[in-house]
Amino acid sequence: MKKLLFVLFIFCTSLTFSQPISFDYEIKYVVSWQPDSLNPASKRTLEKYLLYINDSVSIFISEYEFVTDSVINNADRTSIQYITTLPYGYFDNKILKTRTSLLINERIGLDQYSYEDKLINSWKLSSDTMTIKGYRCNKATLAFRGRNYTAWYTTEIPFSDGPYKFSGLPGLIVSIADDKDHIAYTMESFRKLKVPRIYKVAYLKKSRKITRKEYLQVFDNYQATLLTDMESKGVIMQGQDKEKLKEKLKKQQKENNNRIELSSE
Amino acid sequence: MPISGASVTITDTTTLRILNYAITDAKGKYSIKIVSELATLKINVKKIDYAFVSEEIANKTQQINFTLNPQVTELKEVTVVASPIRKRGDTLSYNVEAFADPTDRSIADVLAKMPGIEVKADGTVFYQGNAIQKYYIEGLDLLEGKYNLANNNLPHNAVASVQILENHQPIKLLDSLVKTEKASLNIKLKKDITTTGIAKLGAGLSPLLWEVNTTPMVFNKKRQLIFSYQTNNVGHDVSQEIKTLTIENLFEQLDNPTQKTDLLSIIPLRLPNIASNRYLDNRVNMLSANFLTRLKKDIDIRLNVSYLNDYQRQQGENTTEYFLTTENVLLNEKISNRTYTNDLQTNLTIEKNTKETYLKNSFKTQINWDRQQGNIGNNFENIEQNLANPYYLLTNQLKLVKTIGKQVFTIYSFLNYNQSPQSLTVTPGQFAEVLNSGQGYQITKQSINREIFQTNNYIEFTRGLKSFTLTSKIGFSIQHLNKESQITVNDTIKTGIFENRQENNSAKLYFQPHLSYKKEAWLVSLQFPIVYHTITISDKIFNQDQRNDAITINPNFRVRYEINPSWKVGAGLGYNNSFQNTEQILSGYLLNNYRNLQRTNYPVAQNNNYTFSTNINYADPVEAIFFNSSYLFSKIQNPFLPQNEIQANGTQVLSFKDITNRLNFHSSNSKISKYFRSLKTTLTLGLELSYQQGNQLVNNVLLKTINQNIKPNLKVSTRLTDNLSIDYQLETNFNQNRTTNSSRQSVFMFTENLKISIYPSPNQYIGFIFEHYYNDFLSEKRHNLYTDLLYRYTFSTKKIDLELVCTNLLNENKYISSSFTNFYFYQSAFHIRPRQFLASVKFNF
């Protein structure tokens, strides 16, 4: 029954997002990420991530994913070939926030999944202040799923929002990083859009609605079955090259051992 | 109207420090708890597009209501001027030295570290999450997609910079018409001339084994060369390395086959269904040279030349049992074959790529002078076969892209001339009853010369309207085929029915529309090719002409539907009406091989083929259960039935009878797999079923034959720890064959395959392979066992690979395989390579 209610809930949320949404403000974040938790040298700057906001809803998305989705949604069908050439984001999750809900969509392998998560409300305010990019910012800290974060938010931009799943402060999060410095989001630009940005949340139609617990399970399964999966989908790996390829993939998985959320609570 | 989403903060009146806050809910309500010793506090309410409200309040429990007044809020903005390097269509340049570490060797190692660039395990280069489409060296595309060769072997210290060309359209003509987000990569070299390469050396026992591969390359700004020489006798089939593997080229092969096909043969041994390096007894030399030069701006000339020389030996035994109505005929053959391959191929490509035109012309030649020698000992005698099977080919292929307005047209033209003057001699002479009025004789010689000239030309364009896409192709093809053959008995040329002189002309005019519809969960496709054929066959020996004109329409309909993310279904329906085997028509006899004297004397005829297929897929990634199942039915109707006349000495004569032949074929394939997290194991179960029913005429008796296969299979793969993985596979086959009036024959076989991979440290690999083949129809040898051991060590700092391989540890000497066809049982024992040890080292220079 609980599951049914949950499914119903997600179904309703999907309905809410079936119309194109118009956003008035755009925030761009620079994201720095260390994919190998044991090797600080693996740290890299990813592509820009966008936060689009209007009065009631916001979306956090990689700029590549945004371009790709916009093209697919508006494509005329002659350019199918063109679609296959579009880029995808390093983190391909797309996060929709409303005042009461948090809906995450993510691609694992070839499939899309969406799950509901809890809004964050356990911030601890601090008296420290700092001026970042000309905004007067206040400090807040948060323990979230295995990492301790320090965030700087500004009440000068009165949106209770921020990058990734972070929100719930009395102003926009300008910068947030964990204490190990594995992940950091820093605002690069903030502007009001002269022409509102229209985005259609079309992906929800195609994605599988699951719980967060199930999502974690799918992720683990995929990591373990990646090779078998590739072979069953017709990727041809021959003889000794296959062994070398497997070794390389193994190495690659090992070097990408880090995750933003470390605990499953 | 309540205002939600307003932020309400309580601050210190002087320091403005935020003590606590709340965001108003859907009803515009908020509540804030404050623990503070201050007497007065400040409450502030902020909401975008409303005027800011702030007032001082006493520190006590209270309710304060606000009314916000709309007011356009101008927030302070920060913008970043886009860095010029990121502009569309611009070039991004990376300085290689800045990214290189002392441990890096090839340019691929350095690429992986450049921001935005990723190198995948298989070598594919990604820029901003997207595979690059072209890999240029100094702006030249020498390798066409096979860029691993350069990327892994070009030392980074030879490279000055790596350039990323964003939104790069390689066909300049399409630049403004077809958008692309894809990037291309260009390697800028430091020096005008760069010489580099890779080498692999290996040696082993026994007998003396060698394996050498040396691939030097030279690059400069206008000319590039990659040269490769490879030789081995360890069973490594190097001819794979000079094959073209791009999809585009494979499709071209289907439409316009230029592959060598032999008209005569020596009796082959069935090749074992195991890795070719287990059985291939070779001595191969391969030379390949690839050269590219830029003539003027936008015009490239590329020349690829390859020469393959190979000497291969095959040894084994064949057993064939024919099921006849009267009595079964058993034929045992001991076979020893030698093949000598000599193949020289050249490909000259000119590509012109300007804003006005895209033109690519490839001119190919092939000279092949293969020879084969076979020795067969059968129930009665020892037979020598000598085959000369050369092949000469000239082809030209032209692709031109043009635009009229915004519509893109592709014009394609293909020309081909090839010749196969082949001959087979057999000693002692065969088919004495037919060829030499029952008298035994010395030598039979069959010679044949086939000449083909063909051309295929079409124009193609695509139109899209909302969810529909229509692709149309209009064109024509012409084929002229000349065949001459004769049989010589000792020195006497047999005339009349034993010779052929035939001219075969066919032409096709075609229109091929392909309509597809794609929307949300639906994908529907309809093909409706209309072809006008005219075929003329003139026989110069019997002065007979036959001419056929016909229109064929072969519709094909397919649909796919996604019920939900877990379930997908699809179905297809097709009808195909075609002129088959007109090329095989011969009114006189032809000795295909020493025991097959064949006459294919039948009129040009159309055959009908109906197919229906359906499939269903299920995926539950949460529980990690995957299932798919497919079914195929096909019904083929031929106006003629093949007639096999098998003679007492095991030889046969093939002709055709005017009886409609119907063949029904059903097959299904299902697979289910599940990943067990706690055991880190994937289990896969599969079942393949097939059922075939047809007719066969054997010695003037009509036989109805039924052949069925039931093949269950199982696969377990587990990765117990990071250092150990185990794969096990079991495939079984229950094969049953029935003919109208003989008892059923059944065979049971299975194959077991175990592979253990151990990674003791990151630069070491130990592999153990165990294979077991079993069949129940042999009395002497039911089990075949093969074992291999492999050890590899990589010096990570120097990028040298050291490899030790021991194949066939148990020194198994034969591989036995068997099969049923409609009316005979066939079994083959193939002599495989003995136990061998090979050590090799691979390095760059």
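## The interface of chains A and B

Tutor: Nine residue pairs are in polar contact across the interface of chain A and chain B, with both partners at pLDDT 80 or more. The side of chain A that touches chain B draws two or more residues from each of α2 (63–74), α3 (80–83), β8 (124–132), β9 (135–144), β12 (183–199), α4 (203–206), α5 (212–232) and α6 (239–255) of chain A. With 13 residues, α6(A) gives the most to that side. This is a predicted model: local features need pLDDT of at least 70 and side-chain atom pairs pLDDT 80 or more, whereas totals for chains, interfaces and linings use all residues. Residues are numbered from 1 along each chain as its sequence is written, chains are lettered from A and ligands numbered from 1 in the order in which they are written, and side-chain values use heavy atoms, without hydrogens or water.

Student: How do you know how many residues of each chain are in contact?

Tutor: Contact means heavy atoms within 4.5 Å. By that rule, 66 residues of chain A are in contact with 71 residues of chain B.

Student: What area do chain A and chain B bury between them?

Tutor: Buried area is the accessible area (1.4 Å probe) that two parts lose on being put together, summed over both. Here the value is about 5900 Å², with 51% of it on carbon and sulfur atoms.

Student: Why is the pairing of A:E156 and B:K76 called a salt bridge?

Tutor: The term requires a side-chain nitrogen of Lys or Arg within 4 Å of a carboxyl oxygen of Asp or Glu. The N to O distance between A:E156 and B:K76 is 3.6 Å, so the pair meets the definition.

Student: Why is the link between B:S670 and B:S629 called a polar contact?

Tutor: A polar contact is a pair of N or O atoms within 3.5 Å; within protein, one must be able to donate a hydrogen and the other to accept it, and residues adjacent in sequence count only if both atoms are side-chain atoms. The side chains of B:S670 and B:S629 are joined at 3.0 Å, so the contact falls within the limit. B:S670 is in strand β35 (residues 661–676) of chain B. Neighbours within four places in sequence aside, B:S670 is in contact with B:N628, B:S629, B:L685, B:G686 and B:L687.

Student: What makes the peptide bond from B:T427 to B:P428 cis or trans?

Tutor: Its omega is near -5°, and the bond is cis. B:P428 is in the loop between β20 (407–427) and α5 (432–435) of chain B.

Definitions and conventions. Helix = DSSP H or I, 4+ residues; strand = E, 2+ residues; numbered from the N terminus.
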